[in-house]
Each structure stands twice: as structure tokens, then as C-alpha cells.
Amino acid sequence: MSSPKKALLLVGSPRGRDSSSEALGGYLLNRLKEHGMETGKVYIHPSMLTERGQAEMLQAIDRSDLLILAFPLYVDSLPAPVIAALETIAEHRRTKVRKEQKLVAITNSGFPEASQMDTALAICRRFASETKIGWAGGLAIGGGEALHGRSLAEAGWMARNPRKALDMAATALAEDRPVPKETVDIAAKPLIPRWMYVFVANRWFKNEAKKNGAQDKLYDRPYQA
Ligand SMILES: Cc1cc2nc3c(=O)[nH]c(=O)nc-3n(C[C@H](O)[C@H](O)[C@H](O)COP(=O)(O)O)c2cc1C
């Protein structure tokens, strides 16, 4: 295959434009544009709600050479509408011979360790293999919740490793190479020190519990025998 010409970002977060998935995927898309690629974007959740939305999503996919799937980790897996979208795409590709395409996945999680996303990325890889889409690699950003939908530029110092990794990924993908292992390793570095992330997250959870009058129930075990 010659160098890919069109890249499509599939945003797999229900938060849509305000999501960390959008921030990460959008950054890569902009870098690919600077490398001369045409770019497009589809929001999976609203698309999956109607037949028309699904048809438009499939058309956009058919027109693309490189698919970027950006999604949050949900229960060690992908959000349900993203799984439904992958099943829809697989069915669509079964009915016709499709052109050669590549898939790169970017996922982010609440827990700070990138290894939390191993299973979800394995699912994406398996999807690529079963649908005969070339696997260009998967990037896992642990503790992506800390971005909270801010662009990687707005997130400043905290987003230095994702920015570096996505810059490197863009160079590789624009040259039709898979994302190098070194890039995956840089993306996997914590956004902020683990102790700081846990401290801030715990404070946030306690504040939320207080707001909802549940501060005395945090250690309840209602289903314990
Ligand atoms: C229903 C649900 C399930 C989640 N499951 C996990 C999980 O298994 N592991 C984890 O680390 N984070 C989990 N999270 C946290 C999200 O992955 C995290 O908040 C992420 O940054 C959201 O990204 P987004 O802004 O792109 O949607 C879950 C969040 C929700 C709402």
C-alpha cells in the first residue's frame, strides 16, 4: 500500500467533544494533517443511535485509509456502543471486499497504570485481524481522566508524554509504518506521579460523596453476606 491519504478519527467516548479520547485522538489527527493527510471525524455514540448515523459512519470508514479508534476504558473493555460499532463494521466488511486499511487504537483510563488497558487493546487487535484491517498498534494512556477533556496543549506539562508519543506515531503512520514500540512505551508513562494522582482522585471522590450525602457510606458493603 502507498502512504495512507485519508485518516478518520472514531471518537468512542459518550463525553464526545469534552472527552479525553477526543483530546488524544484529535491531537493525532492534527499532526497527520500536518503530514499532508486528509482528515475526518465521527462520534460513535450518536452515530450508533440511528440507521442513518450508522450508514454515514460506514461510508466515512469506507472512504478512509487509516482508522483511529479513540475510546475510554470501561470495565476493562470498550464502551458498549463502541463494541456495537465494531460488530457493525465487521458485518459490513463481510458483505463486500474492502480496500486495504489500517487501524490504530488510543485508549485512556481512570486507573493510572497503562497495563489496565491490555485487554481492551487485545480486543481491538483481534477485531483488526478478524476484519482483515492492518493493525498499526495501540497506545494506552493511564490516568487519562486527569486531562478531563482539555486539549493536550491546554493540559501543558502533564500531557508532555502523550504529545511526544502522538508526534512520533503521526510520523510513523503517515509513512505507513506501525506505531513503534518506543512510542507505545512513552505513551504508557504516567501523566503525573502516581501518589499525586491517587491523592487528587481520592479527594475528588470524597467531595463527590459529600455533595451526594454519601460521605458516611464509602466503606459500605451492601452485598456482603
Ligand atoms: C462506566 C465506566 C466504566 C469505567 N471502567 C474503568 C475501568 O475498568 N478501568 C479504569 O481504569 N477506568 C475506568 N473508567 C474510567 C474512564 O476510563 C476514565 O474516566 C476515562 O478517562 C474517560 O475517558 P473519556 O473522557 O475519553 O470518556 C470507567 C468509567 C466509566 C464511566
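Here are a few notes on the model above, taken point by point.

1. First, some housekeeping. Residues are counted from 1 along each chain, following the sequence as written. The model is predicted, so to speak of a local feature we ask for pLDDT of at least 70, and side-chain atom pairs count only at pLDDT 80 or more, while totals for chains, interfaces and linings use all residues.

2. Now the overall layout. The chain splits into domain 1 (6-192) and domain 2 (193-225), with bounds from an automatic or database domain assignment. Their C-alpha centres sit 30 Å apart.

3. Where do the domains touch? Five residues of domain 1 are in contact with four residues of domain 2; contact here means that the C-beta atoms, placed from the backbone, lie within 7 Å. On the domain 1 side there are four nonpolar, one polar and no charged residues. Nonpolar means Ala, Val, Leu, Ile, Met, Phe, Trp, Tyr, Cys and Pro, charged means Asp, Glu, Lys and Arg, and the others, Gly among them, are polar.

4. Have a look at Trp135. It counts as partly exposed because it has 18 C-beta neighbours inside 10 Å (20 or more would be buried, 12 or fewer exposed, with C-beta atoms placed from the backbone). Leaving aside neighbours within four places in sequence, Trp135 is in contact with Leu103, Arg125, Ala128 and Ser129. Leu103 is 32 residues away along the chain, yet the two C-alpha atoms are separated by 5.3 Å.

5. Finally, the ligand. The shell around it has five nonpolar, 10 polar and three charged residues.

Methods: Two residues are in contact if their C-beta atoms, placed from the backbone, lie within 7 Å.
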